[in-house]
Amino acid sequence: MLSQPIKLVYDYNIMPSENRLRPMVLAKSLVKGYRDHLAVDGIDFAVYGGECFGLLGPNGAGKTTTLKMLSCISPLTSGELLLGGRSV
């Protein structure tokens with residue numbers, strides 16, 4: 001048991017302002033298909049420096065598959081994915 005509750009502190013000032021203006025993660029028309037099933041069907045999103053981002057959705061919506069593509073565990077079927085300005 002924790003003696004004190006966990007406190008989360010978020011400070012935008014730790015990230016240089018130029019990094020907050022360009023996306024650290026950029027997904028355009030991201031698609032992942034398995035044989036006859038589409039797990040991710042053309043999603044678009046951007047995460048900028050200093051942001052906190054979450055994926056929400058029901059079971060089977062493609063959240064885990066999207067994270068696998070972001071972490072280069074699973075290749076994209078189509079679309080564009082940039083991490084730090086570099087193509088994945």
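Predicted model: local features only at pLDDT ≥ 70, side-chain atom pairs only at ≥ 80, totals over all residues.

Author: Residues are numbered from 1 along each chain as its sequence is written, and side-chain values use heavy atoms, without hydrogens and water.

Reader: Fine. How many bridges join β1 to β2?

Author: Nine, with β1 (residues 23–34) and β2 (residues 37–48) running antiparallel; strands here are DSSP runs of E with at least two residues, helices runs of H or I with at least four, numbered from the N terminus, and two strands pair if DSSP finds at least two bridges between them. Gly33 has Leu38 in β2 as its bridge partner, and in the hairpin, with two residues between the strands, Arg35 takes a positive phi near 45°.

Reader: And which residue in β3 stands opposite Val31?

Author: That is Ser78; β3 (residues 78–83) pairs with β1 in the antiparallel sense over five bridges.

Reader: Switching topic, what does Phe45 touch?

Author: Leaving out residues up to four places away in sequence, Phe45 has contacts (heavy atoms within 4.5 Å) that include Val25, Phe53 and Leu70.

Reader: How many disulfides turn up?

Author: Zero in the whole structure, where a disulfide is a pair of cysteine sulfur atoms within 2.5 Å. Cys52 counts as exposed because its relative accessibility is 75%, and Cys72 is exposed at 52% (exposed is over 50% relative accessible area, buried under 20%, partly exposed in between, with a 1.4 Å probe and protein chains only).
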